[in-house]
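Take a walk through this structure, one region at a time. Keep the sequence and the 3D view side by side.

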Amino acid sequence: MESSDLRLSIIVIAPLIGALLSYLLGRVAAKLAGITASLAVLVSFIMTLSLWAEVSATRSFTGFLTSWISFGSLALPMELYFDSLAAVMCLIVTGVGLLIHIYSIGYMAHDPGIARFFSYMNLFLASMLVLVLGKSLPVIFIGWEGVGLCSYLLIGYWFTNTEYAKAGRKAFVMNRIGDLGFLVAMAILFTACGTLDVVELNKADVLRRLPEGLGLLAGLALFFAATGKSAQIPLFTWLPDAMAGPTPVSALIHAATMVTAGIYLMARMHGVIELDAAVPATILWVALATSALAATTAMVQNDIKKVLAYSTVSQLGFMFIAVGVGQYSVALFHVVTHAFFKACLFLSAGSVIHGCHHEQDMRKMGGLAKSMPITSICYGVATLAIAGICPFAGYFSKHAILASIAGTPNRFLIDQIELISFIATSIAVCTAFYMARSFIMTFLGSYRGHAEPHEAPLIMTAPVMVLALLSLVGGFVLEHPFTAYLSGLSAQGTSLEHGAEGLLSYLVGSLPGVFGIVLAVYLFILAPRERSLIRRFCGPLEKLFARTYFFDEVLNALVIRPVRKLSGIAFRSVDQSLIQGSAVALGNITSAVGELTCRITTGQVTTYLFLMFGAAATLFGIFTQVR
């Protein structure tokens, strides 16, 4: 086995072994669970770093694990593929995942099920790494399903609470609906192209085998699959409910693993996505609508985790906007910066919840900057990053997305560029507003709760400080290397580099974020009475935002209730009447035949001769009538 094969295998296998060991050792001594799981992720991170240094836009590795499926013309070895795209994703998954694991050691220290928790966390990372490193769509699908299963286990981790268990089930069902798109896409691509290898499927001569209509259908099916994992309309409602799990789980799902899977799939299959211009155009408009819906919803939430959850949905929409205009490297760049500041925000929120005795309502917080100075500074840095203020990380990736809209060559979008840019910029203003609002309500003013808030221990604050540092410098440091590293990703090239930017350009680029923050400061600090006035005139609008545009209610009325009614009808008419009735009738007939057989089985030869002659006479009569 070559060195690269071994290292590729270790990246996936280390967290798998960690899942087993952390559970077994954690049952013996609870502290060993977190340490073992974190060491396993550290091994994966080191292996990723060693391979990352050796790949480039033109150099990649393929690792053979074992023979898997071989049937007719279908031959699917279990292979892993490590290129620049996989390297970026693996670094996020293992790097940010490691920090979240270390944080969890402190956060979950007193939880009685800590061994089970860390076992699930390692299993989650292993599944995500299989998804990222799979060389064929079926191998990616294994990781895809594994991530879905682990999210169900982790979101419903405190399963004795019925609502939490329901949230886990909702995430599981929503993702299974999206999986239908993945299966349809695989069926189309294999039938038309004769391969499911992702490298082959991005080659022009292979893609030419796809008829025009099927190319469109395959692209839309892949996007539908992505809407499930990356929470876009119509399959986004599971993500805010996923806050039921422990806060480190929320950080892992939102920043480093599951929700980025859809973006990754779009980038990995960019050849199929770009086949028909209608596919990226559809992606862009769905993403724009999702981002706007989530941003306006986040503006009126009072649960600190719900604000961050809707923020994730909105930022994922921003990433899909970049996909829609053909700038995959820009989308990946925002995935990276988002991983830094969103993990920082969630872990900071976890420290707040930990310090306020499990209180999540921001109306019962306030003034926490005095009792939690480190957490407040880190949360503030990440807030400025997501708001898109220069020089924080989010500025560079968000500005690149807004700039890339103008350069789209898509014929379905060219005429709407100004409208798209206006909506995207408005969403950026909303983002800055609701994040500044959450910071003010949580950390400024005076404390409104009844607990005794305190700063988190070092094992929790240290990872948060690292993430805050990355949120500060990550965009500036990574902006230009990203362009070269992912230059081979798309035929349309990349537009990360802004060219010669001066101070004025940075200020102009920060304006949407500055406007949103100033508006929040005015309404929540300088003129709080104005809020009551606005609420009086915009009450219905606030209710609309707070209920997420009644999306759940509409989904219930249009889909879930009709499906339940149909299921009830099918249960009564098919299951109870037809299937169960047939089974009962068959049983009755068999019983009657048995009873008759018993009656005629007397053991007397004369009876048998009588029956035999009777049957022969009957058959003779029928035969003569037929002739």
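Start with a term. A residue is buried when its relative accessible area is under 20%, exposed when that area is over 50%, and partly exposed in between. The model you are looking at is predicted.

Apply the term to R176. Its relative accessibility is 22%, so R176 counts as partly exposed. Its partner is D179. The side chains of D179 and R176 meet in a salt bridge, with 2.7 Å from N to O. D179 is buried, because its relative accessible area is 5%. Both residues sit in helix α6, which spans residues 162–193. They are three residues apart there, so about one helical turn separates them.

The pair does not stand alone. A search of the whole structure finds 11 salt bridges. Side chains of opposite charge can pair when their charged atoms come close.

Go next to R7 and E54. Their side chains form a salt bridge of 2.9 Å, N to O. R7 belongs to helix α1, residues 3–28. E54 lies in the loop between α2 (30–52) and β1 (61–71). The pair therefore ties together parts that are 47 residues apart in sequence. R7 has 13% relative accessibility, so R7 counts as buried. E54 has a relative accessible area of 29%, so E54 is partly exposed.

Another salt bridge joins K203 and E200. Their closest N and O atoms are 3.0 Å apart. K203 counts as partly exposed, because its relative accessibility is 37%. E200 is also partly exposed, with a relative accessible area of 29%. Elsewhere, salt bridges with shared partners link E145, R176 and D179 into one network. Two of those names, R176 and D179, are the pair from helix α6.

The largest nonpolar core has 193 residues. Which residues have the most contacts inside it? They are F82, L137, W238 and M266. Helix α16, residues 328–355, gives this core its largest share, 18 residues.

Look at F82 in detail. Leaving out residues up to four places away in sequence, F82 touches L8, I11, T48, L51, W52, V55, S60, F61, A87, C90 and L133.

Follow α16 to its packing with helix α18, residues 373–387. The two helices pack at an angle of about 145 degrees, and their axes are 9 Å apart. Their crossing is left-handed. On the α16 side, the contact is made by F341, K342, C344, L345, S348, S351 and V352. On the α18 side, T375, C378, Y379, A382, T383, A385 and I386 take part. What classes of residue make this contact? Nine are nonpolar, four are polar and one is charged.

Finish at G445. This glycine is found in the loop between α20 (417–443) and α21 (458–485). Is G445 buried or exposed? Its relative accessible area is 56%, so G445 is exposed. Yet G445 still has partners from elsewhere in the chain. Setting aside neighbours within four places in sequence, G445 is in contact with G367 and K370. The C-alpha atoms of G445 and G366 are separated by 5.6 Å, although these residues are 79 residues apart along the chain.

How values were computed: Residues numbered from 1 in each chain as written. Predicted model: local features only at pLDDT ≥ 70, side-chain atom pairs only at ≥ 80, totals over all residues. Heavy atoms only, no water. Core = buried A, V, L, I, M, F, W, Y, C linked by side-chain atoms within 4.5 Å. Buried < 20%, exposed > 50% of the residue type's maximum accessible area, 1.4 Å probe, protein only. Helix = DSSP H or I, 4+ residues; strand = E, 2+ residues; numbered from the N terminus. Contact = heavy atoms within 4.5 Å. Axes fitted to C-alpha atoms, helices over the stretch in contact; angles between N-to-C directions. Left-handed = near helix turned anticlockwise from the far one by under 90°. Nonpolar A, V, L, I, M, F, W, Y, C, P; charged D, E, K, R; others polar. Salt bridge = Lys/Arg side-chain N within 4 Å of Asp/Glu carboxyl O.
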